[in-house]
Amino acid sequence: MSIWWSLHLRREAASVPLARRLLIGTMETAGVDPDISYDLSVALSEACANAVEHGGDMACGGPGSEAYRVTAYLDGEKCRIEVADAGPGFPGASAGRSRPQIRPAHSDAEHGRGLCLIQELADHVHINNKPGRGGAVVSFDKVLKWREGAAPLMAV
């Protein structure tokens, strides 16, 4: 059995905990180990916070620039999460060509740690610009572990 959902959210700070709570609730219902759920929820929060802060062009004011999309897939033994926005994308990366350079932030920095944190918490991370329309896509996945006594998602 698979579970997936997709949200179209406003680029507002209040959207971040909403996405996080939905993910945690989904994983809790599916029987995912709480440590795995926590890691993925922190990574999701970082990706959403980046979309809120950088994911639109306020000068354009177009309808797409005021929203971002979060999609989560729990499929068998893996969870994949994707956060896509309509902003300017990552500098130095054109869609499908090269991956943007992620540099660790200084330990006392107040910003710039999100993508590095996502890389630490997830098993595989894909960061790129959307082809054609512009914007960034951050997707990551992690192998799931199950709570004691919980079985993996199975068709009934």
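Predicted model: local features only at pLDDT ≥ 70, side-chain atom pairs only at ≥ 80, totals over all residues.

Biologist: Which residue meets the side chain of Asp-39 in a salt bridge?

Modeller: The distance for this pair, taken from N to O, is 3.8 Å, and a salt bridge requires a nitrogen of Lys or Arg within 4 Å of a carboxyl oxygen of Asp or Glu. The partner of Asp-39 is Lys-142.

Biologist: How many residues apart in sequence are the parts that Lys-142 and Asp-39 tie together?

Modeller: Asp-39 belongs to helix α2, which covers residues 34-54, whereas Lys-142 belongs to strand β5, which covers residues 136-143. The pair therefore ties together parts of the chain whose separation in sequence is 103 residues.

Biologist: Is Lys-142 buried or exposed?

Modeller: The relative accessibility of Lys-142 is 10%, and the cut-off for the buried class is under 20%. Lys-142 therefore counts as buried.

Biologist: Which residue meets the side chain of Asp-141 in a salt bridge, and in which strand does that partner lie?

Modeller: Asp-141 is buried, with a relative accessible area of 4%, and its side chain meets that of Arg-80 at 3.1 Å, N to O. Asp-141 lies in strand β5, so the bridge ties together parts that are 61 residues apart in sequence. The partner is Arg-80, which lies in strand β3.

Biologist: What is the N to O distance in the salt bridge between Arg-69 and Glu-82?

Modeller: Arg-69 counts as partly exposed at 30% relative accessibility, and Glu-82 counts as partly exposed at 23%. Their side chains meet in a salt bridge, and the N to O distance is 3.1 Å.

Biologist: How many salt bridges does the structure hold?

Modeller: Among them are the bridge of Lys-142 with Asp-39, that of Asp-141 with Arg-80, and that of Arg-69 with Glu-82. For the structure, the number of salt bridges is four.

Biologist: How many disulfides are there?

Modeller: Cys-79 is buried at 0% relative accessibility, and Cys-116 is also buried, at 18%. A disulfide, however, requires two cysteine sulfur atoms within 2.5 Å. By that rule the number of disulfides is zero.

How values were computed: Residues numbered from 1 in each chain as written. Heavy atoms only, no water. Buried < 20%, exposed > 50% of the residue type's maximum accessible area, 1.4 Å probe, protein only. Helix = DSSP H or I, 4+ residues; strand = E, 2+ residues; numbered from the N terminus.
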